[in-house]
Amino acid sequence: MSTADDPEDVRPVTMRTQVVVVGLGPAGRATASRLVAAGVDVVAVDPSPDRRWTPTYAAWEDELPGWLPDEVVATRTAHARAWAGGEHRLDRTYVVLDTGGLQQALDLSGAEVLRGSVVDAGAHQVTLDDGGSVEADLVLDARGTRMSPGRAAQTAYGLVVPAARAAAAGGPWFMDWRSDHGAGPAAAPSFLYAVPLDADRTLLEETCLVGRPALGLDELRRRLEHRLAARGVELRGDEVVERVRFSVEAGPGSRPGRRPPADRPVALGARAGVMHPATGYSVAVSLRLAEEVASAVAAGRDVWDVLWPAPARRVQRLREMGLTTLLRLPPTGAEQFFAAFFALPAARQRAYLSDRDDPVGTLAAMARMAGTLPPGLTAVAVGSALPRWAHRREREGA
Ligand SMILES: Cc1cc2nc3c(=O)[nH]c(=O)nc-3n(C[C@H](O)[C@H](O)[C@H](O)COP(=O)(O)OP(=O)(O)OC[C@H]3O[C@@H](n4cnc5c(N)ncnc54)[C@H](O)[C@@H]3O)c2cc1C
């Protein structure tokens with residue numbers, strides 16, 4: 001273990017602090033930063049604490065916490081649009097974040113930052129790969145998720161294209177499910193995501209929303225190139241590429257909404273399963289929860305109760321059913337499914353996508369959709385509400 005300021009000092013040491021935050025992605029860094037702001041002593045550990053974040057992070061504007069400076073928003077798209085069986089105008093503002101600005105805004109100057117990998121994390125102690133350790137009143141585990149064959153994942157292949165050339169794609173699109181990607185109607189579905197990064201650049205990304213396994217990046221690249229050629233978007237071969245691959249299911253050893261055993265740390269962010277399993281979004285909710293976690297620690301309240309109040313646990317179960325539905329949709333069903341989703345009233349869409357403490361709203365959105373889907377898809381949606389053992393028996397052919 002070495003301090004980030006002094007990479008030469010590699011002697012194993014034991015430290016003591018109030019809170020250890022393991023992992024400095026958006027969830028860990030936001031929480032460490034808000035804890036410091038709340039006057040809490042924090043040690044944060046990451047193998048590369050200074051690594052510059054590069055993913056394009058986006059969110060709905062109304063999801064972002066008030067303490068986040070306005071400058072971290074790179075672009076705003078009022079009334080974002082989607083295409084599924086026709087064009088839908090969404091009654092919400094979608095924002096693309098300035099990733100570097102976000103990272104900087106989550107100030108860690110008041111925390112002790114250690115460069116190292118945690119090899120063992122308990123409720124009150126972490127051990128690093130060099131043998132050093134940190135003892136703490138509370139350990140928060142924000143090590144993210146891990147890809148594995150059995151886990152549902154999201155994949156995407158994107159190109160950053162000058163805005164003038166990207167305009168022919170017709171965006172901005174939150175989701176464009178048209179099938180001009182050339183893969184044919186029987187292929188696993190993917191959609192075009194098209195968002196402005198700034199006044200001059202647009203990200204055009206072919207996205208596999210979720211799959212077990214998800215589509216490979218080569219397949220998504222072929223689809224994107226085919227789709228863009230069909231729409232008359234000229235590519236020159238020198239475009240910056242964004243590759244997206246992440247599990248939408250919680251990290252190893254973490255069961256969303258289940259209290260960890262007394263000797264285990266409390267998980268945050270994607271590792272905890274706060275990522276919406278049916279959309280892959282987690283950054284905004286992690287930013288919001290960071291403040292709530294920091295206030296709870298400062299006030300001596302139980303952090304897990306703040307992360308997983310009973311309504312959030314119920315919403316989690318409903319979202320897991322939503323994930324099952326998406327994974328079981330036939331290839332041609334995805335566009336019909338999202339046509340029904342985007343036809344929901346804005347408040348229902350919002351409840352399903354964003355309100356992690358509104359089980360009534362989430363259930364109402366799901367029930368209303370199940371009622372408007374074509375009968376074959378309604379059966380898939382209703383079947384997804386069956387308990388897990390029934391899905392296992394079905395997979396095993398029982
Ligand atoms: C290209 C891309 C685009 C995305 N776009 C969006 C988006 O628009 N909106 C959205 O909400 N989500 C998006 N996502 C999903 C995104 O991954 C997550 O939402 C987000 O990064 C999860 O944050 P996190 O902090 O929970 O975990 P991570 O970002 O995975 O961070 C985990 C951290 O833990 C550290 N770590 C790992 N192991 C150890 C260890 N043993 N010891 C110490 N530290 C360790 C890692 O170095 C890392 O810094 C995108 C993902 C990708 C890849």
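Are tryptophan 60 and phenylalanine 174 buried or exposed? Both of these residues are buried, and the legends below, which describe a predicted model, begin with the whole chain before turning to them and to other details.

**Figure 1. The whole protein chain, with its 13 helices and 18 strands.** The radius of gyration of the chain is 22 Å, close to the 21 Å that the globule rule gives for 398 residues, so the chain is as compact as a globular protein of that length. Along the principal axes, the C-alpha atoms fill a box of roughly 60 × 50 × 35 Å, and 52% of the 398 residues count as buried.

**Figure 2. The aromatic pair of tryptophan 60 and phenylalanine 174.** A search of the whole structure finds 15 aromatic pairs. In the pair shown here, the ring centres of tryptophan 60 and phenylalanine 174 are 4.9 Å apart and the ring planes stand at 55 degrees, so the pair is described as tilted. Tryptophan 60 belongs to strand S4 (residues 58-60) and phenylalanine 174 to strand S14 (residues 173-176), so the pair ties together parts that are 114 residues apart in sequence.

**Figure 3. The aromatic pair of tyrosine 94 and tyrosine 193.** The centres of these two rings lie 6.2 Å apart and their planes are at 85 degrees, so this pair is edge-to-face. Distant parts of the chain are linked by the pair, since tyrosine 94 lies in strand S8 (residues 94-97) and tyrosine 193 in strand S15 (residues 191-196), 99 residues apart. Tyrosine 94 and tyrosine 193 are both buried. Ring pairs join a cluster that includes Trp60, Tyr94, Phe174 and Tyr193.

**Figure 4. Two cis peptide bonds, at proline 172 and at proline 213.** Most peptide bonds are trans. The bond that joins glycine 171 and proline 172, however, is cis, with omega at about 0 degrees, and proline 172 lies in the loop between helix H3 (163-166) and S14. The bond from arginine 212 to proline 213 is also cis, with omega near 10 degrees, and proline 213 is placed in the loop between strand S16 (201-211) and helix H4 (217-231).

**Figure 5. Histidine 79, a residue other than glycine with a positive phi.** Most residues other than glycine have a negative phi, but phi of histidine 79 is near 50 degrees. Histidine 79 is found in the loop between strand S5 (73-77) and strand S6 (81-83), and because its relative accessibility is 33%, histidine 79 counts as partly exposed.

Methods:
Residues are numbered from 1 along each chain as its sequence is written. This is a predicted model: local features need pLDDT of at least 70, side-chain atom pairs count only at pLDDT 80 or more; totals for chains, interfaces and linings use all residues. Side-chain values use heavy atoms; hydrogens and water are left out. Helices (H or I, at least four residues) and strands (E, at least two) are DSSP runs, numbered from the N terminus. The radius of gyration is taken over C-alpha atoms; the globule rule is 2.2 Å times the number of residues to the power 0.38. Buried means under 20% relative accessible area, exposed over 50%, partly exposed in between (1.4 Å probe, protein chains only). Rings of Phe, Tyr and Trp (its six-membered ring) pair if their centres lie within 6.5 Å; planes under 30 degrees apart count as stacked, over 60 as edge-to-face and the rest as tilted.
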